[in-house]
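Hi there,

Here is the structure I promised to send over. Have a look at it first, and my notes follow below.

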Amino acid sequence: MTGAGPRIVLVGSMGAGKTTVGTLLSDALGLEFLDTDQVVEAAVGKPVAEIFVDDGEEHFRALERTAVAEALVSHSGVLALGGGAVLDPTTRELLAGRPVVFLRVGLSDAASRVGLGVSRPLLLGNVRGRIKQLLDERTPLYASVARWTVATDGLDAAEVAQQVRALVDDGGHD
């Protein structure tokens, strides 16, 4: 892998803190931060939740796949992927050999961070049960693409960002 592409790629479920940690990392490193969900929202002109409702998850995933592929070649800062981006086999292939950090979050912390009032299209109904299902389904995929894993439970975003930075700084040149 050459030096092209993001310095750090963050993956993990909703509630892991990807956007918050990514922003802290980019500020600390003097790099630009990019969140692929925000890229999709800007391209379509509406929030992810509305894309899911109006156009369906399949359409959103196609937009997400394109946003991730473009960001992996054009963005040189800190990149946060949407929680479901790793569901796509092509995306997982594109992440191979990149500086990917899995922000692992447990059910209790994810549920408390996401809350019950947040507009999350995949959490309709039993929020806690749905988060558990998503964690069970996606955790092996996050782990499969990651070079490093940081357990976020019980930590604030600044502590997580510090751990990520230490891992990437120590092992970023392997």
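A question to start with: does glutamate 64 count as buried or exposed? Please keep in mind that this is a predicted model. Glutamate 64 sits in helix H4. With a relative accessibility of 3%, it counts as buried, because the cut-off for that is under 20%. Beyond its neighbours within four places in sequence, glutamate 64 is in contact with Asp37, Val40, Gly82, Gly84 and Ala85.

Now for the overall picture. The protein chain contains eight helices and five strands, and from the N terminus on they follow one another as β-α-β-α-α-α-β-α-β-α-α-β-α. Of the 174 residues in the protein chain, 43% are buried. The chain exposes about 8,400 Å², with carbon and sulfur atoms supplying 52% of that area. If we take the contacts between residues at least 6 apart in sequence, 71% of them join residues at least 24 apart.

Next, the sheet. The five strands form an open sheet in the order E2-E3-E1-E4-E5, and the pairing is parallel. Strand E2 (33-35) and strand E5 (148-151) are at the edges with a single partner strand each, so one side of each has no neighbour in the sheet. From one strand to the next, the twist averages 20°. Further in, strand E1 (residues 8-11) pairs with strand E4 (residues 100-104) in the parallel sense over three bridges; here valine 11 has phenylalanine 102 in E4 as its bridge partner.

The helices are worth a look too. H2 lies across E2 and strand E3 (78-80), and runs at about 70° to E2. In helix H3 (residues 48-55), the buried residues include Val48, Ala49, Ile51 and Phe52. These four are on the same side of H3, because they cover an arc of only 165° around the axis. As background, an α-helix has 3.6 residues a turn, so residues three or four places apart point the same way. What do the buried residues of H3 pack against? Their partners are helix H2 (36-44) and helix H4 (57-74). Just after H3 comes glycine 56, which takes a positive phi of about 95°.

Best wishes

Conventions
Residues are numbered from 1 along each chain as its sequence is written. This is a predicted model: local features need pLDDT of at least 70, side-chain atom pairs count only at pLDDT 80 or more; totals for chains, interfaces and linings use all residues. Side-chain values use heavy atoms; hydrogens and water are left out. Helices (H or I, at least four residues) and strands (E, at least two) are DSSP runs, numbered from the N terminus. Buried means under 20% relative accessible area, exposed over 50%, partly exposed in between (1.4 Å probe, protein chains only). Contact means heavy atoms within 4.5 Å. Accessible areas come from the Shrake-Rupley method with a 1.4 Å probe; for residues, only the protein chains shown count as cover. The arc is that of the directions from the helix axis to the C-beta atoms. Two strands pair if DSSP finds at least two bridges between them. Axes are lines fitted to C-alpha atoms, for helices over the stretch in contact, and angles run from 0 to 180 degrees between N-to-C directions.
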